[in-house]
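Student: I would like to go through this model term by term. For each label, I will ask what value stands behind it.

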Amino acid sequence: MKAVRLDGYNEVPVIRDIAVPEIGPDDVLVRVHASALNPLDVKLQTGVLHDYFPLEFGYTLGSDLAGTIEAVGTDVTGWSKGDKVVARLDPVSGGAFGAFACIPAKQLATVPDSVSFETAAGIPTAAGTAWQALLEIGDLQVGQTVLIHAGAGGVGSFAIQLARALGARVIATASGDGVEIARTLGADQVIDYRSDDFAEMLSDVDLVLDTVGGETQQKSFGVLRSGGKLLSLVAPPDEALASAHNVTASFVFHMSDGVRLRSVMSSIGTNGFKTLIDQVVPLDDFANAFARQASGRARGKVLVTMD
């Protein structure tokens, strides 16, 4: 089968023919129809996360995919050949950018008939991270105000929709056409960070979701109310700043979780959340897709089809 392989850190990912993976008794073999790139894939390729995600080469890139079950392990129950599924693989194992993938059955969720494979593939990491941050860690409540940085990004776009569904007031930062995208997704207020300084405009925010880091994270402490929360997806927050502003700050480290993913898929079906898609390209055009993801300019998800 064809797969996108990485032979070493900072090496260019290449498409190669490799053997179809073998499954164990608790696994399923999925015929992959679509996979999604994430910022994590670029970080894995550069090796900056080696201490957290040590890779063994050759390594098949990718963690987010959607497809149909081709075969089930001997101990697997509840799943059958032909079922439409979505999953997030362990990033250390990888495997999403291949024609077939071996996946532990416990990590699977059903793709509703109303959701395309491309749309489903863009959900696991982005929506799962937003869910983990806002619900499980942030405990966002009805009537609270949340500031979501990079609202037109993969995580930000889901976070806006989820926060609105939870009954929160949503403020987002964005730029260019991302301003209208964030507004369309449901943000009550969108700040163009290229022309306006959110730190001078906001105060008494209950929760900040930081997807940017650096100066943006540092300035975000000042917009929180006393007792508020800052959750960062990119770097551990400054504990001294958190203490000085009398707020709590946490680093959100997203982990694959089949239970969470099934809750996310159910909520998407119920609330009609949209997957913001930047582009969909065939596997043969993976190099351009990877470059787009690495540029940091993608509006939503960069998706790759295997068919």
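Tutor: Start with the angle classes: angles under 35 degrees count as roughly parallel, over 145 as roughly antiparallel, 65 to 115 as roughly perpendicular and the rest as oblique. Axes are lines fitted to C-alpha atoms, for helices over the stretch in contact, and angles run from 0 to 180 degrees between N-to-C directions. The model is predicted: local features need pLDDT of at least 70 and side-chain atom pairs count only at pLDDT 80 or more, while totals for chains, interfaces and linings use all residues. Residues are numbered from 1 along each chain as its sequence is written, and side-chain values use heavy atoms, with hydrogens and water left out.

Student: Why are α3 and α9 called roughly perpendicular to each other?

Tutor: The axes of helix α3 (residues 124-137) and helix α9 (residues 258-271) cross at roughly 95° and come within 10 Å. The class for roughly perpendicular is 65 to 115 degrees, and α3 and α9 are therefore placed in it. Helices here are DSSP runs of H or I with at least four residues, strands are runs of E with at least two, and both are numbered from the N terminus.

Student: Which residues of α3 and α9 meet?

Tutor: Contact means heavy atoms within 4.5 Å. On the α3 side these are P124, A127, G128, W131, Q132 and E136, and they meet R260, L261, S263, V264 and S267 of α9. The contact of α3 with α9 has five nonpolar, four polar and two charged residues. In that count Ala, Val, Leu, Ile, Met, Phe, Trp, Tyr, Cys and Pro are nonpolar, Asp, Glu, Lys and Arg are charged, and the others, Gly among them, are polar.

Student: What makes α1 and α10 roughly perpendicular?

Tutor: Their angle is about 100°, with the axes of α1 and helix α10 (residues 286-295) 9 Å apart. α1 and α10 are therefore roughly perpendicular to each other. P39, D41, V42 and Q45 in α1 meet F290, Q293 and A294 in α10, and this contact divides into four nonpolar, two polar and one charged.

Student: How do you know that strands β13 and β14 pair?

Tutor: Two strands pair if DSSP finds at least two bridges between them. Strand β13 (residues 224-232) and β14 have four bridges, in the parallel sense. S232 stands opposite F251 in β14.

Student: What makes β11 and β14 edge strands?

Tutor: The open sheet has six strands in the order β11-β10-β9-β12-β13-β14, with parallel pairing. β11 (189-192) and β14 (248-251) each have a single partner strand, so one side of each is left without a neighbour in the sheet. From one strand to the next the twist averages 15°. Helix α4 (residues 154-165) lies across β9 (145-148), β10 (169-174) and β12 (205-210), at about 170° to β9.

Student: How many bridges join β3 to β5?

Tutor: Eight bridges join strand β3 (residues 27-36) to strand β5 (residues 64-72), and these strands run antiparallel. V28 stands opposite V72 in β5. β5 also pairs with strand β6 (residues 84-88), in the antiparallel sense over five bridges, where L65 has A87 as its bridge partner.

Student: Why is the pair of Y9 and F57 called edge-to-face?

Tutor: Rings of Phe, Tyr and Trp (its six-membered ring) pair if their centres lie within 6.5 Å; planes under 30 degrees apart count as stacked, over 60 as edge-to-face and the rest as tilted. The ring centres of Y9 and F57 are 5.0 Å apart and the planes stand at 90°, so the pair is edge-to-face. Y9 and F57 are 48 residues apart.

Student: Why is the pair of F53 and F253 called stacked?

Tutor: Their planes are at 15° and their centres 5.8 Å apart, so the pair is stacked. F53 lies in the loop between α1 and β4, F253 in the loop between β14 and α9, 200 residues apart. F53, F251 and F253 form one aromatic cluster.
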